[in-house]
Amino acid sequence: MRAGVITFPGSNCDRDVAVALAACGARVERLWHGDSELPALDLIVLPGGFTYGDYLRCGAIAAHSPAMREVVRRAAAGVAVLGICNGFQIMAEAGLVPGALISNAALKFVCRPVALEVASTNSLFTAAYRPGQTIELPVAHHDGCYVCTPDDLKRLEDEDRIVFRYLDNPNGSIADIAGLLGPGRNVLGIMPHPERAADPRTGSTDGEPLLRGLIEALN
Amino acid sequence: MRARVHVRLKEGVLDPQGAAIARALGQLGFGGVGEVRQGKLIELQLDDSDPAQAEARVRDMCERLLANPVIETYTITIEQ
């Protein structure tokens, strides 16, 4: 199972997610945003960080990187894509998931563990959790408030594409959405950081079932 | 040719920065200030000589990068 983690200018969680995936048994390659061609991959990861300084809008400029054109093509062809935090913002800007991420409602950068409900286990990413399971993952973001149109929200709910909800909403996201799937169910955008909760030394391993489950599903 | 693009949050999209500005104005003693919303001004110097063509190109820039149509609207002013 070959995973590729894309580094953009300003990505800073790329190494963490590569280490976490490797610890779960994946073969991981580090890729550069400027490369318009990508190797054969089973999983593409868009990591967290502050690409382009969050200039213009978070993820707006990174969404137009040469690598992202290919990521969008691969996602349409069914390749699994995981976008974490800034990676989720990049995905939304690239149209891989509906809606947008805007400033946290309280205007503060929130950096703490949050309780999440696994709202759906009907996905590659959440099949290793129990339905309705409560987990704890850290968030670290200033612009994590998820918004979308009422039509998009209805579609997300009807199609069971909301996979994580905040139990204590830290940013004002509509419907407490912390993570959701793209229309093909192969793309996950998630604001909390599963890669920061995949090793007992970081205080929680609640992110491990996401990563390990995903790798096993793709093997 | 110069283009000025005003990017604004759509009506109904939460604008906590605007709300913070409104509060700060209140704290400074400015009464009678209602809702405040903050937008962006992007100014571009363009090589186009035809204003209609310049506007069309800037509209394309807005649709593809300068504004996020999910949450923002924009207006374009072309100045010679």
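Tutor: Before we start, two residues count as in contact if their C-beta atoms, placed from the backbone, lie within 7 Å. This is a predicted model, where local features need pLDDT of at least 70 and side-chain atom pairs count only at pLDDT 80 or more, while totals for chains, interfaces and linings use all residues. Residues are numbered from 1 along each chain as its sequence is written, and chains are lettered from A and ligands numbered from 1 in the order in which they are written.

Student: Okay, among contacts in chain B between residues at least 6 apart in sequence, how many join residues at least 24 apart?

Tutor: Of those contacts in chain B, 67% join residues at least 24 apart.

Student: And what pattern does chain B follow along the sequence?

Tutor: Chain B reads β-α-β-α-β, with helices (H or I, at least four residues) and strands (E, at least two) taken as DSSP runs numbered from the N terminus.

Student: Switching topic, how many residues of chain B are in contact with chain A?

Tutor: Nine residues of chain B are in contact with 13 residues of chain A, and helix α1 (residues 16–27) of chain B gives the most to the side of chain B that touches chain A, with three residues.

Student: Where is confidence lowest in chain B?

Tutor: On pLDDT, the predictor's confidence in each residue from 0 to 100, the lowest mean in chain B is 94, in α1(B), whereas strand β1 (residues 2–9) of chain B has the highest, at 98.

Student: What does the model score for ipTM and pTM?

Tutor: The model scores ipTM 0.87 and pTM 0.95.
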